[in-house]
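These entries record what I looked up in the structure.

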Amino acid sequence: MTVYLVGAGPGDPGLLTRRAAELLAHADVVVYDRLAADELLALAPPDARRCSVGKAPGAVEASQGEINALLVEHGAAGRTVVRLKGGDPFVFGRGGEEAEALAAAGVPFEVVPGITSAIAAAAYAGIPVTHRGLATHVTIVTGHEDPAKGHADVDWEQLARAGGTLVILMGAARVAIIAARLQAGGLPPDTPVAAVQRGTRPDQRTVRATLATIGAQPIAAPAAIVVGAVAGLDLAWFEHRPLFGVSVVVTRAREQASGLRGQLETLGATVLELPTIVVEARPVELPRLDDVAWIVLTSVNGVAAFFDQGLAPRGLDARALAGCRVAAIGPGTAAALAERGVRADLIPERFVAEALVEAFPPAASGERVLLARAEQARDVLVDGLRTRGYTVDVLTLYRTVPAAPDPDAVTRVRAGAVDAITFTSSSTVTNFCDLVGPLAHQPLVVSIGPVTSATARDRGLRVDAEATEHTIDGLVAALRDTLAAGRPPGGATPRPPS
Ligand code: SAH
């Protein structure tokens, strides 16, 4: 029953406020424009109505009057409406006009401020908009001078005399004229200028110039153009992160991709998810555990399936394992167990099946081991534990099946538009190769461990890096180290003769 005028922040989904996320989660209707990120829209309930109101360049956009009418209509109908606006809703967002329309119609509204691109884009380029000794004030000004849009003529010469930092929004197309007028107003030609394009997004690009030179540079919208001494400071950090500008394919199952994706994005990478496998649970009945000495779990999927699917009407109670010891193949699996209240008794030093076998004490008298795992697993554990004297029962919990290809992602990979591919298991390799086919220019291939690497080589791929520690952390470290060692991203590395 309220219309919320909500700031979405400048692009980085992490810059959304908690209040905005909370309101999105309870929205009946989300009204958004082009600057809104898909990640933010995904926070709304799946059945919420999503109304796009423009504004792709060149396309017909809803007029402000139509947007106001839409908000009034949904608000008056008693719906919870989130009007999601880029940056801050009251900084050149026309949020003021929307609030006026709602007030006039007697529709209750609230305003949720957002992080404005005027300050955030500069910050992500390493530019403080005020700085002791350099700038005591900042002016945020529109560079768009279309009277039809309601922006009055800006007195650039006057602004030049006022000094301080100028942040120009909506000025990409007119930067040359603006720079000339600021110089006409008395700002020196060597005044630093930084144009931060697509600020806070994975493809942020900062052009650094002066008032004399900026006009010759092509600047693409959206851009925040910073003029003044602070634009000469170079405290760049965002564009200097280790994986900035590197596009990385994640081939894990969609449900499992978020951890790896998050780590890569934190380091600056642009992630392309190309899920190659789908985890398909198999309904199983839990065997009696009274004479089971050890339960062995070899993956996070296995733990999830073991506890959560089909084993008991409401999932498994951790107390059922009271009499057993539990082995996990690695820290990821152990963490998944810990989430369910079970501390692993055994984790090998290296996170592969061979090391797990070695870590097992020899069986005294044929103790039983329940090996809960995927259908396609290798025989190393079964054979190895039998050799150590155990009686091994296998509980097949799930299988991985090839995922339906995402045509856009496949096309991008085939076109060589990615810099690196990550493989977290043999099945991701096999299914990836089946989905994508041979690559003319192979990007960097990074594998989680020796078994996955061997599968990749079998399929004709060159393995550029292999995780020393066979975990997601190890995989990310391997990619990072390989790039730091100066190997060029992209298809620049020639394929060795086979
Ligand atoms: N209310 C918004 C501004 C809307 S006007 C805010 O507070 O940020 C649209 C202009 O904002 C664009 O033309 C551009 O100048 C600026 N802008 C929006 N997103 C941006 C981004 N990610 N990087 C740089 N500038 C951005």
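I looked up burial and found both Tyr124 and Phe238 buried (under 20% relative accessible area with a 1.4 Å probe, protein chains only). The model is predicted, so I kept to its limits: local features need pLDDT of at least 70, side-chain atom pairs count only at pLDDT 80 or more, and totals for chains, interfaces and linings use all residues. Residues are numbered from 1 along each chain as its sequence is written, and side-chain values use heavy atoms, with hydrogens and water left out.

I then listed the aromatic pairs and noted 8 (ring centres of Phe, Tyr or the six-membered ring of Trp within 6.5 Å; planes under 30 degrees apart are stacked, over 60 edge-to-face, the rest tilted). Tyr124 and Phe238 make a tilted pair, with 4.8 Å between centres and 50° between planes. I traced ring pairs linking Tyr124, Trp237, Phe238 and Phe244 into a cluster. I also found Arg241 over the face of Phe238, 3.9 Å from the ring centre (CZ of Arg or NZ of Lys within 6 Å of the centre and within 35 degrees of the normal).

Next I read an open, mixed sheet of 5 strands, ordered E13-E17-E16-E14-E15 (pairing requires at least two DSSP bridges). Its edges are E13 (277-281) and E15 (325-328).

Methods. Buried means under 20% relative accessible area, exposed over 50%, partly exposed in between (1.4 Å probe, protein chains only). Helices (H or I, at least four residues) and strands (E, at least two) are DSSP runs, numbered from the N terminus.
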